[in-house]
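Morning, everyone. One structure today, a few minutes, questions at the end.

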Amino acid sequence: MNKKWLYGSVGTLFIVIIGLSLIEDNVDVEKKKSEKFFPSVSVVEVSSSGYKGEIKTFAQINPRWSATLKTHVSGEIITFNPQALAGKQVKEGEILLKIESSRYKNQLDLAKQNLEEAKLELLLEEKKSQTALKNWKRSGIKGKPSDLTLNIPQIKIAKTRVEAGLSQLKSAKKDYENTIIKAPFSGFITNRYISLGQTISEGDTLFDIINDEQLDITLSLTSNQWDLLDQNWSV
């Protein structure tokens with residue numbers, strides 16, 4: 001009984017294997033072809049031409065002129081320009097303040113007087129020299145008169161006093177003019193160090209002022225940026 005069952009099972013298995021082989025031979029294997037996709041391409045005609053480049057860099061702007069105004073005389077500030085304040089704009093020659101000037105006016109008048117006296121002294125000495133020369137000629141004395149006879153040393157001293165008087169007058173006039181402080185150029189006052197009624201001394205700082213008409217611009221360029229500039233470049 002068992003042998004018959006075994007033989008039957010083996011036969012059935014053999015039949016199944018043969019059937020599967022026949023089925024596999026009849027199967028058609030289809031190979032799918034891979035599809036290729038191409039991107040869309042457009043063509044544009046171009047032509048060469050000039051173009052402007054752009055360079056970005058840091059720049060420092062400074063005024064062409066700047067000054068710190070200091071006084072050359074001393075005294076009380078009696079007049080103050082309302083525009084002479086930090087941040088205000090002033091014009092060249094505009095009066096910023098006035099210093100009490102009576103002392104310097106007296107010195108100027110005295111210098112004028114001293115100069116006139118020196119000129120008078122020179123004139124008198126020259127007159128004496130002319131008179132001495134005439135007297136020498138009338139005397140009939142032969143030879144050339146000495147410098148002392150012709151009053152030459154006195155004339156030299158008188159001329160020296162006139163020159164000194166001119167220098168003193170120039171100095172006194174300058175001091176008197178310096179009692180009026182004016183803007184040296186047009187610009188803006190950046191700092192103010194004094195006020196109305198204050199007594200200032202020679203050398204005291206009054207204002208800081210910068211010019212607003214001419215500015216200097218300093219650029220910082222790398223070597224590559226410099227090479228990008230045209231050989232005949234201009235601002």
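Start with K128. K128 makes a salt bridge with E125, and the closest N and O atoms are 3.9 Å apart. Both residues sit in helix 2, three residues apart, or about one turn of the helix. Are the two partners buried or exposed? K128 is partly exposed, at a relative accessible area of 49%. E125 is buried, at 11%. The cut-off for buried is under 20% relative accessible area, so E125 falls inside it.

Keep in mind that this is a predicted model.

Helix 2 holds another such pair. D109 and K105 join their side chains in a salt bridge, 3.1 Å from N to O. These two are four residues apart, again about one turn of helix 2, which covers residues 102–139. D109 is partly exposed, with a relative accessible area of 33%. K105 is partly exposed as well, with a relative accessible area of 33%.

How many salt bridges does the whole structure have? A search finds four. One of them is between D216 and R64, whose side chains meet at 2.8 Å, N to O. D216 lies in strand 10, residues 215–219, and R64 lies in the loop between strand 1 (59–63) and strand 2 (66–70), so this pair ties together parts that are 152 residues apart in sequence.

Which residues make the nonpolar surface patch? They are I61, L215, I217 and L219, and the patch is about 410 Å². Strand 10 gives the largest share of that patch, three residues. L219 is found in strand 10.

Now the overall layout. The protein chain has four helices and 10 strands. Read from the N terminus, the order is α-β-β-β-β-β-α-α-β-β-β-β-β-α. Of the 235 residues in the protein chain, 20% are buried. The accessible surface of the chain is about 19,200 Å², and carbon and sulfur atoms account for 55% of that. On contacts, take residues at least 6 apart in sequence: 76% of those contacts in the protein chain join residues at least 24 apart.

What is the strand order? It is an open sheet of four strands, 2-9-7-4, with antiparallel pairing. Strand 2 and strand 4 are the edges, each pairing on one side only.

Go through two of the pairings. Strand 7 (residues 187–192) and strand 4 (residues 89–90) pair in the antiparallel sense, over two bridges. Q89 has F188 in strand 7 as its bridge partner. V90 stands opposite G187, also in strand 7. Then strand 7 and strand 9 (residues 205–211): they run antiparallel and are joined by five bridges. Here R192 has F207 in strand 9 as its bridge partner.

F207 takes us to the core. Which residues have the most contacts inside the largest nonpolar core? They are L69, F80, L96, L97, I194, L206 and F207, in a core of 19 residues. Strand 3 (75–80), strand 5 (95–99) and strand 9 each supply at least two residues of this core.

Zoom in on F80. Set aside its neighbours within four places in sequence. F80 is then in contact with L85, L96, L97, R192, I194, S195, L196 and F207. There is also a second, separate core of 10 residues, and it includes L108, L115, L122 and A172. The general point: in soluble globular proteins, nonpolar side chains tend to be buried together.

A recap to close. Helix 2 carries the K128 and E125 salt bridge and the D109 and K105 salt bridge. The D216 and R64 pair ties together parts 152 residues apart in sequence. The open sheet runs 2-9-7-4.

Conventions. Residues numbered from 1 in each chain as written. Predicted model: local features only at pLDDT ≥ 70, side-chain atom pairs only at ≥ 80, totals over all residues. Heavy atoms only, no water. Buried < 20%, exposed > 50% of the residue type's maximum accessible area, 1.4 Å probe, protein only. Contact = heavy atoms within 4.5 Å. Areas by Shrake-Rupley, 256 points an atom, 1.4 Å probe, with all protein chains shown as cover. Patch = residues over 30% accessible without salt bridge, like charges linked within 9 Å, V, L, I, M, F, W, Y side chains within 5 Å. Pairing = 2+ DSSP bridges. Core = buried A, V, L, I, M, F, W, Y, C linked by side-chain atoms within 4.5 Å.
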